[in-house]
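Subject: Structure handover

Hi there,

Here is the structure I promised to pass on.

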Protein chains: 2
Amino acid sequence: MATLMDVARAAGVSKATASRALQRPELVAEATRLRVLDAAQRLGFHPNAAARALTTGRTGLVGLVVPTLSNPFFAPLVMGAQQTAEKTDHHLLIAVSEYDPTREAELADRLAEQADGLIMVTPVGTDTALRERARRFPLVLVDRQVGRLPAVVADTATGLAQLMDHLLDQGHRDIAYVSGPAGSWADGQRSAILTERAEQAKARLRVLGPLPPTFDAGIEAARALPRDATAVLAYNSYLTLGLLHGLAAANRRVPEDVSLAAADDLSSLRSTTPPVTALDVPVEEVGALAVTRLIDLLAGRHVTVTSRLPSRPVLRASTAPPAASAHR
Amino acid sequence: MATLMDVARAAGVSKATASRALQRPELVAEATRLRVLDAAQRLGFHPNAAARALTTGRTGLVGLVVPTLSNPFFAPLVMGAQQTAEKTDHHLLIAVSEYDPTREAELADRLAEQADGLIMVTPVGTDTALRERARRFPLVLVDRQVGRLPAVVADTATGLAQLMDHLLDQGHRDIAYVSGPAGSWADGQRSAILTERAEQAKARLRVLGPLPPTFDAGIEAARALPRDATAVLAYNSYLTLGLLHGLAAANRRVPEDVSLAAADDLSSLRSTTPPVTALDVPVEEVGALAVTRLIDLLAGRHVTVTSRLPSRPVLRASTAPPAASAHR
């Protein structure tokens, strides 16, 4: 494979000039730059990433650590992050922690070596570990808030409170929340705000779970659902699809027997029978904004401590006033 | 941050010896090695990946390019790959092509610079592009076969033919195949074998699609399903869950009115009402074996050209003889 020296020789310039022409073209005369580029192309010169990282200190890579790939939340998030990264000539490399704090730390370390900066999505490490990492390396958190570290958060708690208010307005006074994975920061935020709202309205809130965010767990949750709950809020779309299926299998009609709403709108909830009321969470935008914040950090720009993106209830046919309330 | 020179000074050895002690310990006396390791630990020396790659030629990283994260197929595949990579002290970095051949090629190039070798899962690039890449870089394909390039394939076509035989044995003569994403290599293999089986049995096979592998598309497929088809085979679990929901919404009972079976068993099909007959595809094993093959390649070992992992039909209550056939 051609080396930088080969390119320099072919272009009739010094190695330093060839390097500048490729890395910092603004420092080189246009004619020289074109000669070097032409030689590089002719010889098939492909600057080695390791060498490039050593000379420029930049890799053009953004690292993203996610806890799992089996949650549908991460597909649009990665897509948003990737599109924004590409707009600034960065590529995205992803690592999966499988919710293991040790693996998360190792992968973050390895990505930190390879990339210019790091995004950690719903990390499971301690606040201390994340603070320490942010001191060593440009870091943006997603859906996790640790003091004043740069973070992008989808504000599902506020949106969920609005969904709860909608149910309370419809007359529901016995509501179940089917919660998500154990130890989820977002889930903690949500349970807290739902409990507060229920207390204010003197309504009953029962929390089922923690549960994995899957169709399967939704079916289980439908079985475990208290008979007298007139409405159910679920952690995510997959749980909701499972609930919808499990309730149908148990001959409990939605919304006649029980109202159903979801804390995200990622999977097909508009196409089900009935369509399901859900929170529209701007997941792609969250991914995109996380990259923008990281690029800002890398450029030494001021980064707003936490960016909150609002989510918005979308009301559909699955939520209705409790039919039974009249004759109770 | 401590440099290699700091470590060398603290250990009282030359920089070259310190480097050897960390990279190629077998070349250094045990006492020296321990002194250097101790100094490195004390000073918090963390060898820079770029520098390490330049000196050892190895990064300890395995690159994995997938077309999307929104297909549930990739979560267990990545998990299997990661576990196997970790057994040999490798980490896994993932990039997502979003089915775009240009992005796929770019990401593969960038990963190739960062990693020791590359796994490309159901790549969308041309055979020529993949061959050319394999000449430049250790490459293992997953669920795509290109001549004699190292590949690991989940043999869903043979398993699907067995599912088809099961339906034919039950007396079905009008079967629909709800196919997957356009241009999928695996889907082409499947359509071909299903068509062949149908012709042999003088049965009718109608192919719906191509469709995205989603719950939503399954609901659409249920609407588009010919009324006289007595059995449906679907490309994957999500499509199948959508079909199940859409058929219920249209008051078509499974299996009384129509039998339903899926070409993978990734999402909850054992927990639905009724449980759905499906192909058990060893997706985690596919990911694991792809990494094993790549490590073999890196070690200069002979790599079997294509490894085929069999998939196996799991019969459940969703498939039954066509009830209507008696009075037709």
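Let me start with something to look up: in which loop of chain B is B:Pro274 found? The loop is the one between strand E9 (259-262) and strand E10 (277-280) of chain B. Please keep in mind throughout that this is a predicted model.

B:Thr273 and B:Pro274 are joined by a cis peptide bond, and omega is about -10°. In chain A, the peptide bond from A:Thr273 to A:Pro274 is cis too, with omega near -10°. A:Pro274 sits in the loop between strand E9 (259-262) and strand E10 (277-280) of chain A.

Another backbone point concerns A:Tyr99. This residue is not a glycine, yet A:Tyr99 has a positive phi of about 60°. You will find A:Tyr99 in the loop between strand E2 (91-96) and H6 of chain A.

Now to how the chains are arranged. Chain A can be superposed on chain B by a rotation of 180° with 0.1 Å of shift along the axis, giving an RMSD of 0.3 Å. The two copies are thus related as by a two-fold rotation axis. Both copies use the same surface, and 100% of the contact residues of chain A recur in chain B.

A:Arg103 and B:Glu86 meet through their side chains in a salt bridge, at 2.6 Å from N to O. Since A:Arg103 belongs to helix H6 (residues 101-114) of chain A and B:Glu86 to helix H5 (residues 74-87) of chain B, the pair joins two chains. Over all chains, the count of salt bridges comes to 34.

Next, the helix packing. Two packed helices are described by the angle between their axes and the distance between the axes. In chain A, helix H1 (residues 4-11) packs on helix H3 (residues 30-43) at an angle of about 125°, with the axes 8 Å apart. This makes H1(A) oblique to H3(A), and their crossing is right-handed. From H1(A), the contact takes in A:Asp6, A:Val7, A:Ala10 and A:Ala11; from H3(A) come A:Arg35, A:Val36, A:Ala39, A:Ala40, A:Arg42 and A:Leu43. By class, the residues of this contact between H1(A) and H3(A) are 7 nonpolar, no polar and 3 charged.

What about chain B? There, the axes of helix H1 (residues 4-11) and helix H3 (residues 30-43) come within 8 Å and cross at roughly 125°. H1(B) and H3(B) are therefore oblique to each other, in a right-handed crossing. Among the residues making the contact are B:Asp6 and B:Val7 of H1(B) and B:Arg35 and B:Val36 of H3(B). The residues of the H1(B) contact with H3(B) divide into 7 nonpolar, no polar and 3 charged.

A further helix pair in chain A is H10 (residues 215-224) with H11 (residues 237-249), whose axes come within 6 Å and cross at roughly 45°. H10(A) and H11(A) are therefore oblique to each other, and H10(A) passes H11(A) in a right-handed crossing. Residues that meet here include A:Phe215, A:Gly218 and A:Ile219 in H10(A) and A:Tyr238, A:Gly242 and A:His245 in H11(A). The contact of H10(A) with H11(A) has 10 nonpolar, 4 polar and no charged residues.

Best wishes

Key
Residues numbered from 1 in each chain as written. Chains lettered and ligands numbered in written order. Predicted model: local features only at pLDDT ≥ 70, side-chain atom pairs only at ≥ 80, totals over all residues. Heavy atoms only, no water. Least-squares fit on C-alpha atoms with pLDDT ≥ 70 in both. Contact = heavy atoms within 4.5 Å. Axes fitted to C-alpha atoms, helices over the stretch in contact; angles between N-to-C directions. Helix = DSSP H or I, 4+ residues; strand = E, 2+ residues; numbered from the N terminus. Parallel < 35°, antiparallel > 145°, perpendicular 65-115°, else oblique. Left-handed = near helix turned anticlockwise from the far one by under 90°. Nonpolar A, V, L, I, M, F, W, Y, C, P; charged D, E, K, R; others polar. Salt bridge = Lys/Arg side-chain N within 4 Å of Asp/Glu carboxyl O.
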